[in-house]
Amino acid sequence: MSDKKIPYKIYLEESEMPKQWYNVRADMKKKPAPLLSPATKKPVTAEELSHVFCDELVKQELNNTDRYIDIPTEIREFYKMYRPSPLVRAYCLEKKLDTPAKIYYKFEGNNTSGSHKLNSAIAQAYYAKQQGLKGVTTETGAGQWGTALSMACSYFDLDCKVYMVKCSYEQKPFRREVMRTYGADVTPSPSTTTEVGRKILAEYPDTNGSLGCAISEAVESATSKEGYRYVLGSVLSQVLLHQSVIGMESKIAMDKYGITPDIIIGCAGGGSNLGGLISPFMGEKLRGEKDYRFIAVEPASCPSLTRGVYAYDYCDTGKVCPLQKMYTLGSGFMPSANHAGGLRYHGMSSVLSELYDEGLMEAVSVEQTAVFESAQKFARVEGILPAPESSHAIKIAIDEAMKCKETGEEKTILFGLTGTGYFDMYAYGAYNDGRMSDYIPTDEELKKSINTLPKID
Ligand SMILES: *Cc1c(COP(=O)(O)O)cnc(C)c1O
């Protein structure tokens, strides 16, 4: 098909929207290593997991075999409010870069939460409601997950308790108010409302908080109350499963126009958007049907794939969640407070970790001033003000497009534009004023937290 016929935005009809999520684990020859119980260090049972997570989500977490899982009708109805998300041909960016590359991005910022996180939040809230629970607890770092979950909980009339990393709570008061508007109860973490919070505060009184620490508080809060469960917005395999809707829609839209991406790029915090975007394409690669290059982009300040180790680690600072085998910097790793993006988690999805370890996916790390430079370039031609997290993917998409300019290759690049950056204007301000700095942890710093990894035989 001639290029001219490809519209700026490729939408799908409601009838073309995916009716099932795709579970990439089913096509992996080597499965991600099993989760371990923090108490026994033996593979965790569904029974044990069901104290923390909703029953149906436990099943999804442990399901390595079913390739497709039906999306319940109620969730599909909710998806219709803001999906399908547009797949955009970045004609203006291509022109600005003067590149022969064809650039596409899947834009997930078209809902009030401002990110892809709503895709999993609504699924998790739905299963909690189905189980007859009163409410859920969670952590939020940059605030997008807490916002998404607040929206999902208010839709299903569930109670929502959010532990928000303290520095974000202070830096992003508007995020907090959006959550409260949707009825959530928001507590800065570490707090004195939980035992683990009090313990962390005693040890580090001046801490800005971290995701791992907020997770511990949220888990404690859920497991110490009747009728509550904990939900997590990234890292877990169930979240990647829900986010596969991003990749499924992208693939349906691209197939419709006969477009095949050569390179697929996404930012990677815990790995959920990237995992979701690449899943159906990775499935083809795993089955030997097609080949693609996949690139995970992480911040140089929190480089779990590029500088971490592949080992069992705790998912949270308080060591109450199951252990997961993943690329990790150690659960005690505290990323620098000056980093603007929300990609600060110490570990990575076990699915992506395994794919990366097998060489099926690449990873690069980028510094934040370079990320904001790309964000600004993108905003000025494509109109959308990108989230700093998403801009990690923009940076590498631009780099790859510039390589095409040198070689004259007409590669097709697809990247995930996970969200908008309206709540990150302090970070943009720092960049605009030339006050932004790049922090890269030293080997010694990383060694210190990596040395505290649990010993598993
Ligand atoms: C949370 C978030 C991310 C990173 O999370 P993943 O689980 O790695 O996808 C990226 N972009 C935005 C906008 C986010 O809110």
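This passage walks through the overall fold of the chain and then the surroundings of its ligand. The model is a predicted one, so to speak of local features takes a pLDDT of at least 70, and side-chain atom pairs count only at pLDDT 80 or more, while totals for chains, interfaces and linings use all residues. Residues are numbered from 1 along each chain as its sequence is written, and side-chain values rest on heavy atoms, with hydrogens and water left out.

Start with the chain. It has 18 helices and 15 strands, counted as DSSP runs (H or I, at least four residues, for helices; E, at least two, for strands). The radius of gyration, taken over C-alpha atoms, is 20 Å, close to the 23 Å that the globule rule (2.2 Å times the number of residues to the power 0.38) gives for 457 residues, so the chain is as compact as a globular protein of that length. Of those 457 residues, 63% are buried, meaning under 20% relative accessible area with a 1.4 Å probe, protein chains only.

Now for the ligand. It is surrounded by 17 residues, and the closest are Lys-117, Ser-234, Gly-269, Asn-273 and Thr-418; a residue is near if one of its heavy atoms lies within 4 Å. Ligand oxygen atoms sit 2.5 Å from a side-chain N or O atom of Ser-234 and 2.7 Å from a backbone N or O atom of Gly-269. On the nitrogen side, a ligand atom is 2.7 Å from a side-chain N or O atom of Thr-418. Taken alone, the ligand exposes 390 Å², and the protein buries 96% of that (Shrake-Rupley method, 1.4 Å probe).

Key:
Polar contact = N/O pair within 3.5 Å; in protein donor to acceptor, adjacent residues only side chain to side chain. Buried < 20%, exposed > 50% of the residue type's maximum accessible area, 1.4 Å probe, protein only.
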